[in-house]
Amino acid sequence: MSAHCYKIIINGLLVLLSLSTLEACQPKPRLISSQEGELLSKDLNSLKEDCQSFNPDTTRVVLVAGRWQIVSGKHGLIDFGNRKDEAQEALKIIQHYGLNQACRFEKSSPVFQYFLASGEAPSSQEQCLSFRPNQLTIQQQLSKWAVGEKNAARIHLAQEAEEAKKAQAILMKHQFTQKCTIGGARPSFQYFRR
């Protein structure tokens, strides 16, 4: 942060302001490179993942307590709220790619979730947000940590640096190169693929 940038709290919200120009200012982001951090220095194959296996052929969209969900057997995989069309589109993607593992880590906020096809990243010719997994960095953005390529769209936003490091490691381990979403600006479903 420059010498002319001041922290001001307004109604509980931290605002950074340059009084000399009366414009908002940003602190210089802190970068964590792919070579930095304990998770990335370890063998990516030893990275523990929390994945739930399911059968994409028997997975379906159902209404549960007024909310549309994708379920497999008795297990709920994704809750879409009142967005039935998006749930049906997500189910088509799951079945198209043969996705049979739903993976996530709960400590992340928002939850970092991804799907695999028999332990591998799915692949296709579909258009999604592209990124290079070996070029991902972690940047501090105010009180959060963004995973993405330097000066490009972020792939994931985490509350803690360790969560961001784990997301970065998982994206590198599976060599995901695409982040795909359903639901526009407020996606109800996202998945990663090659």
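**View 1. An open sheet of three strands, β11-β15-β16.** The open sheet has 3 strands in the order β11-β15-β16, and their pairing is antiparallel. Two strands count as paired if DSSP finds at least two bridges between them. Strands are DSSP runs of E with at least two residues, numbered from the N terminus. β11 (129–130) and β16 are the edge strands, each of which pairs on one side only. Strand β15 (residues 178–182) and β16 run antiparallel and are joined by 5 bridges. Strands of a sheet pair through backbone hydrogen bonds, either parallel or antiparallel.

The model shown in these views is predicted, so local features need pLDDT of at least 70 and side-chain atom pairs count only at pLDDT 80 or more, while totals for chains, interfaces and linings use all residues. Residues are numbered from 1 along each chain as its sequence is written, and side-chain values use heavy atoms, with hydrogens and water left out.

**View 2. The disulfide of Cys128 and Cys180.** A disulfide, defined as a pair of cysteine sulfur atoms within 2.5 Å, joins Cys128 to Cys180 with an S to S distance of 1.8 Å. The torsion about the S-S bond is about 105°, so this disulfide is right-handed. Cys128 is in the loop between β10 and β11 and Cys180 is in strand β15, so that the pair links distant parts of the chain, 52 residues apart. Cys128 and Cys180 are both buried; buried means under 20% relative accessible area, exposed over 50%, and partly exposed in between (1.4 Å probe, protein chains only).

**View 3. The disulfide of Cys51 and Cys103.** A search of the whole structure finds 2 disulfides. Cys51 and Cys103 form a disulfide with their sulfur atoms 2.1 Å apart. The link of Cys51 and Cys103 is right-handed, with 110° about the S-S bond. Cys51 belongs to strand β5 and Cys103 to strand β9 (residues 101–105), and the pair links distant parts of the chain that are 52 residues apart. Cys51 is partly exposed, at 29% relative accessible area, whereas Cys103 is buried, at 0% relative accessibility.

**View 4. The aromatic pair of Phe54 and Phe115.** The search of the whole structure finds 10 aromatic pairs. Rings of Phe, Tyr and Trp (its six-membered ring) pair if their centres lie within 6.5 Å; planes under 30 degrees apart count as stacked, over 60 as edge-to-face and the rest as tilted. The ring centres of Phe54 and Phe115 are 6.5 Å apart and their planes are at 85°, so this pair is edge-to-face. Phe54 is in the loop between β5 (51–53) and β6 (59–64), and Phe115 is in strand β10 (residues 112–116), so that the pair links parts of the chain 61 residues apart. Phe54 counts as buried at 9% relative accessibility, and Phe115 counts as buried at 0%. Phe54 and Phe115 also belong to one aromatic cluster with Phe80, Tyr97, Phe189 and Tyr191.

**View 5. The aromatic pair of Phe112 and Phe192.** Phe112 and Phe192 form a tilted pair, with 5.5 Å from centre to centre and 35° between the planes. Phe112 lies in strand β10 and Phe192 in strand β16 (residues 189–193), so the pair ties together parts that are 80 residues apart in sequence. Phe112 is buried at 0% relative accessibility, and Phe192 is buried with a relative accessible area of 0%.

**View 6. The largest pocket.** The largest pocket has a volume of about 460 Å³. On a 1 Å grid over the protein atoms alone, a pocket is an open set of points where a 1.4 Å probe fits, with protein on both sides within 12 Å along at least five of seven lines, and lining residues have an atom within 4 Å of a point. Of the 18 lining residues, Pro110, Val111, Lys179, Pro187 and Gln190 are the closest to the centre of the pocket. β8 (75–79), β10, β14 (154–158) and β16 are the elements that give two or more residues to the lining. The largest share, 4 residues, comes from β14.

View 7. Ala65 is in the loop between β6 and β7 (67–72), and its phi is near 50°, a positive value in a residue other than glycine. Ala65 is exposed at 78% relative accessibility. Ser118 is in the loop between β10 and β11, with a positive phi near 55°. Ser118 is exposed, with a relative accessible area of 58%.

Terms used
Points joined across faces, edges and corners; volume = space filled by probe spheres on them.
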